[in-house]
Amino acid sequence: MSFCGIAGFLQKIVQWLFQVFPGSTSVLWVHNEATRSFATPSSSQMNPAAVITAEKLTKTYGDLTAVDAISFEVPAGESFGLLGPNGAGKSTTMKMIGGVSQRTSGKLSIMGLDPETHGPEVRAHLGVVPQQDNLDEELKVRENLIVYGRYFGLPLSYLRPKADELLEFAQLSDKAKSRVDALSGGMKRRLTIARSLINEPKILLLDEPTTGLDPQARHILWDRLFRLKEQGVTLILTTHYMDEAEQLCDRLIVVDKGKIMAEGSPSSLIREYSTREVLELRFGSERNATIGAELGGIGERVETLPDRVLIYADNGESALEQVSARHLRPLTSLVRRSSLEDVFLRLTGRSLVD
Amino acid sequence: MSTLSEGQAQARSATEAARERTFGPLYSRNALAVVARGLMAAKSSTWLVLVSGFFEPVLYLVSMGVGLGPIVGNVAGPGGQQISYAAYIAPALLAVSAMNGAIYDSTWNVFFKMNFAKLYQGMLYTSLGPLDVAIGEIFLALLRGLLYATGFTAVMAVMGLVTTVWAILIIPASVLIAFGFASFGMGITSFMKTFQQMDWINFFLLPMFLFSATFYPLSVYPQYIQWLIQALPLWHGVELLRQISIGSFSAATAVHVAYYLVMIVLGIMLTTGRLRKLFLK
């Protein structure tokens, strides 16, 4: 940073002090044109339809490679998921997209801009729902939305009706004047999502949006996200919940240890890496391993986990009949459809939620 | 959802303007939003904190000036003229309170918001850059310092300690002092990871408060201690305000002001560099 830069900057502070001081507090709401940079994607170097393009994106922390040369593209309006266990590099990827973490190498373009050099401009298009709610506890519910909009340099004349509209959307209209710490976990999450929409983002980044919520709160949230998707907002979602990925994602990448293991739609991934059905058997924790070894030949594949044995077959009921025919009596048995959990198990040999 | 068409129209130029900015990804010229947020939060926060910050120097002034003053009698002020002990320590106490207020706002307050409230993380996911946040927070600290200084100067006037119109200048001068400490304090806080480390700041501030010619002249010390005190920032603040309070200016006045200007520039460079490292890693 140059000394001249500092001097010029101090001069700006002085000018700005004069702007603030002469009048009443309403002068504080000076509309700032410079920050209202809702840029249209003017010069996308790569695929013009893609709003996010990552090429060999890499992030290392010392010896640890958190994200290892991953490449992907997300077209506008798609709902794109990053699926993987904790520590797979999902959140780091999200941070690089938001321009709050600098990549070690590789290319990244968000709506034609590099988030590293154009952080404020890129983030003007982004809505971010972080893993942990970071609502402003010193402000009331509605104030949270308005103040957050001010961070984007948006005028109050736009923010006031917008805040009410978003409170309606988040089903929080009757809480507008409540304190944030009086909200339930699900309400806080919805408020965080409402807040992320204040700048009408083209891309919404959701990092583990429903972690820690009860089933009812999750379903309300999914419904809201689905509506956004219908409105054409591009959703980028990390999750380690399979059902969430299946509900919300058009396409996803399975990430493990910073690498992409597979890519595709939830159904195509299941078709490719799993069977139609799965038979889950429990023989008791001591016997699962020994009996698992005796189940060879039933279905396409047998996976023995500490708590249960999984048999992958196109017809789960007939697989269960074969098990019975061998005079093996499981404590419980369950036939279900294959899920992304099974895809992950197949790809990594580990289950997703440890 | 409606779109912001006028925003899109000016989009290209805004993007290009951003490329030419000195601080590119660090600054989006919207520190005002951070200030507005602070004022809105202050509205709902307890006023007790604000009031206690005002009374601290007033209590010192009453106990030392009114209590100890008659025993001490008159002392030699800047330029050699005789002034009451209360008039001698009052500007020094204001300098200390400017320092303490700025340090509190830029260290403990920032430390909490950075590490616990995650406020800055939220802000930095918007169009704001780290420099917007730094300027906004420092400005808020100064605004508070301005309120305290104005109140304290009024108390001085009521106690009959103001004898010249020049004394009105101690208000902007104490804001200058607060600016110096606030810009440095925030940079230093960014190095702190635990509460124990935060205590080091007090360990440094308390002796500086007691020994920076606050309660007695620097001449009581041997020469090398004098040099040490003169190298530290608070002494310059104490001397500056003391000179202004009785309208006795000299070449040293310019040195004191220059000391703080340099401190502000270095402090902002440090803070910005640190914020870049912390939040744009």
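Chain B holds 13 helices and two strands, where helices (H or I, at least four residues) and strands (E, at least two) are DSSP runs numbered from the N terminus. This is a predicted model, in which local features need pLDDT of at least 70, side-chain atom pairs count only at pLDDT 80 or more, and totals for chains, interfaces and linings use all residues. Residues are numbered from 1 along each chain as its sequence is written, and chains are lettered from A and ligands numbered from 1 in the order in which they are written.

In the unreviewed UniProt entry, the feature "transmembrane region" is placed at residues 47–71, 83–103, 124–143, 155–188, 200–224 and 244–271 of chain B; such annotations may be inferred rather than shown by experiment. Residues 155–188 of chain B are 68% helix and 0% strand, with end C-alpha atoms 33 Å apart. For residues 244–271 of chain B the figures are 86% helix, 0% strand and 30 Å.

Chain A contains an open sheet of three strands in the order S2-S1-S4, with antiparallel pairing; two strands pair if DSSP finds at least two bridges between them. Strands S2 (64–75) and S4 (105–110) of chain A are at the edges, each with a single partner strand, so one side of each has no neighbour in the sheet. From one strand to the next, the twist averages 15°. Strand S1 (residues 50–61) of chain A is joined to S2(A) by eight bridges, and A:Tyr61 has A:Leu64 in S2(A) as its bridge partner.

Notes
Axes are lines fitted to C-alpha atoms, for helices over the stretch in contact, and angles run from 0 to 180 degrees between N-to-C directions.
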